[in-house]
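Dear colleague,

I am passing on the structure that we spoke about, and below it I have set out what was found. Please read it alongside the coordinates.

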Amino acid sequence: MEKKFQFVEIDEQASEHIAAPHYSYWKSVFRTFFKSKLAIAMLILATIIFSIAMIQPLFSNYDPLNSPNILDFSLRFNPPNSQNWFGTDNVGNSLFDAVWAGTRTSILISFISTAINLTLGIAVGAFWGYSKKFDKVMLEIYNVVANVPFLLVVTMMLYVIGYGFWKLIFALTITGWFGIAYFIRTQVMIIRDREYNLVSRCLGTPTSRMITRNILPYLTSVIVTLLSREIPVIISTESVLSFLGIGLTAATPSLGRMISQYTSFINAYPYLFWIPVSILASVSISFYIVGQTFADASDPKTHM
Amino acid sequence: MKKYIFVRFLRSLFSIFMVTTIAYLLIFSLVPRYRIFQSDQLWAKLTSKPDTLKAYEFNKYEELGYLKYVEQQEICRNEFGNTSEDYFDCMDIDSSKFAALKTELESDGWVFGVYPTTNTAYASKEISILERVTSFYLNMFVFDHPNKVKDEAKPDLERKIYIGKDWSGRPALLCSGCEHKYLVYVDGNFPFIHQNWITLYFGISYPSFGGMPVLEVMTQTQGEAVQKEITFPTGVTQSSSVSEYSCTYKYTLDRLDTMKYNDNYADCATIRKDPSMMGISFRMGIFSLIFSYLISIPMGIYMSSRKGKLIDKIGMGYIVFVIAVPTLAYIYLFRYLGSSFLGLPDTFPMQGAGSFASWILPVISLSLPSIAGLLMWVRRYMVDQTTAEYVRFARSKGLSQSEIFYKHILRNAIIPIAHGLPGSIIGAIGGAIITERIYAIPGMGKMLPDSINVFNNNVVIALTFIFTALSILSVLLGDILITYLDPRISLNEKGGRR
């Protein structure tokens, strides 16, 4: 019996060791994210759409101003077949090429605009929530900007500066970041005066470090939520503007303009209208659901 | 409280003023001026006649307030009269008399040019953008008064405001010497008492609806003229479609006018079948506001009482759908569903404004986003309230579930409902731009992209002003409304603002 046990020395270090399960924030985020089957499906859909939209137009060289098959009547209004997967339109262009070129424009515009809006919004919003003097001035400006319909502001800006890819992005971002900044401001105000921040300030942490180290990490899930909302909003606004004939020039392929052009064929050649509409919808939905699930996953409360 | 509302009102006015001014400055300094001619067909026809074209362009610019413009003839006539020897001298472009006038005007900022074919000169002077903005606001409110009409042919025109009767015998406040004959009048249309005393003026509309005042474009009735048997003031009975209340002073009367009217107020608008652009848009907005509240409040309450059940999931799915799916896609989807399964007209003009069916789909389309927003608010609020302490207390007192719901929670829930009102109005304005285009509705929302596409600057400015004013005032109204509904909310408390 005594042989089964051995005496050990007292290990001072082992008693100091605190046994906590290993926790990595980002690992937990991804684990929670991949629990959702819908999110995985949407992630796959988003990846497929994103890759086709980025790669396919490089090979098709689709140009909305150029219709090489315009004289070949046999190529007009072909329903989807093995040759032209999405069929052909009223001037004999392949709808497949047109749709992906338009999707590429939509995705690029929404990604760039969202990036600008979020960066500006978070930077200004964090400072806005932190500084009381700045808050007074910004609130006055915000009260004017926020009460004017967004679509009206964008339309007016485009009318003034003219149409085009970068001009559209400019119009979408000139007041677009305001809403995000206001949201971030409110969030920052809520956690600004919590005790750990009070202590931090007493210890002499500079404002910039307070914002980047103490406050913003707290807002990760909020920011991801904003991101996933902003992308559909921009995609929707872009398509509406192109639909109205404002925003992009005729040289830039666009799903919105395609939808507006093909509206007249809605009864005779329904595929011509519904394919662009459903692609537009699936781009937006997949990005939104992926973003929302990721936002939920990035909230540490869901990691239990 | 009153002081606060007054200050808020002034601030709202200031906001409207700022937004409109910025829009005005940007549009008139950055949009290339010559673009206004792009869709003018008369202009396109004149391209073969360079002189007439030049004169036409400058006349239009002057009419739209860009510049002042005179021809050589006018310069000389002003200086020397119409018939003198000097006048004919001056009409020679190389004469010393004209050269003297030219240098004088040039030092005043006028720029001279020469017509290529007739070889006569013209001069133009830019009006600065600040001057233009000022005159835009100064001319915006037009007050009618008895000394308004200056008619040289009628020096003894009576100048008075008096109470009289209209053609059908209803009392009205009339005026002689004003621009309008009827200053205040009563009729059967909402809001029943109307006035012509103060009118808004936003300049003239060009190139679309050429020459008409912008506001008239938006407020005049549209469609076919409505013919009615009318007895005119002279006693003549005729089938006509004139709207008596719109009559304004006409300087030169023709034979038909003297046959029908006793006085010079013979310039009358025509009554048409369909409401005006403004009327259609407002109706659409109000219907959709009512519709979205009618749907979302009961639905939100029902969802919160069945939290986590199927109906709640369907509602949440709808909210996600509206946020995630582009506006264009879901409006078309609903239009398709409505027209192919319910047989509703898929464009507005198919059955016109007179038919109830043509309003259904547009109003639903316009309501879809605001229903989602309101649903989210109502549901979240109701869910929060059901765990509040006063509700638990009410339950422990033994009140029934429905009593708690309708007598306790709902009264508190009115507040966020009222608070969502301005948001819905702002949303409806943005939505109208899309919906009216898709359903081809002749309203103000469709007017905005239409005017932008033809570079109709004055209409764009007017629409910006109207939409901004509506949005900003609706926010003000929403805030005032909640303070009346909930006495606990005080707006003028320091730092207590939203």
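What share of the contacts in chain A with a separation of 6 or more comes from residues 24 or more positions apart? The value is 73%, where contact means heavy atoms within 4.5 Å.

This is a predicted model, in which local features need pLDDT of at least 70 and side-chain atom pairs count only at pLDDT 80 or more, while totals for chains, interfaces and linings use all residues. Residues are numbered from 1 along each chain as its sequence is written, chains are lettered from A and ligands numbered from 1 in the order in which they are written, and side-chain values use heavy atoms, with hydrogens and water left out.

Chain A has 13 helices and zero strands (DSSP runs, numbered from the N terminus: H or I of at least four residues for helices, E of at least two for strands). Its radius of gyration, taken over C-alpha atoms, is 26 Å, whereas a compact globule of 304 residues would have one near 19 Å (by the rule of 2.2 Å times the number of residues to the power 0.38). The C-alpha trace of chain A spans about 95 × 65 × 30 Å along its principal axes, and 51% of its 304 residues count as buried, that is, under 20% relative accessible area with a 1.4 Å probe, protein chains only.

In chain B, strands β5 (residues 160–165) and β6 (residues 171–176) run antiparallel and are joined by six bridges (two strands pair if DSSP finds at least two bridges between them). B:Gly164 has B:Ala172 of β6(B) as its bridge partner. The two strands form a hairpin with five residues between them, and B:Gly169 in the turn has a positive phi of about 90°.

Note on methods
Buried means under 20% relative accessible area, exposed over 50%, partly exposed in between (1.4 Å probe, protein chains only).
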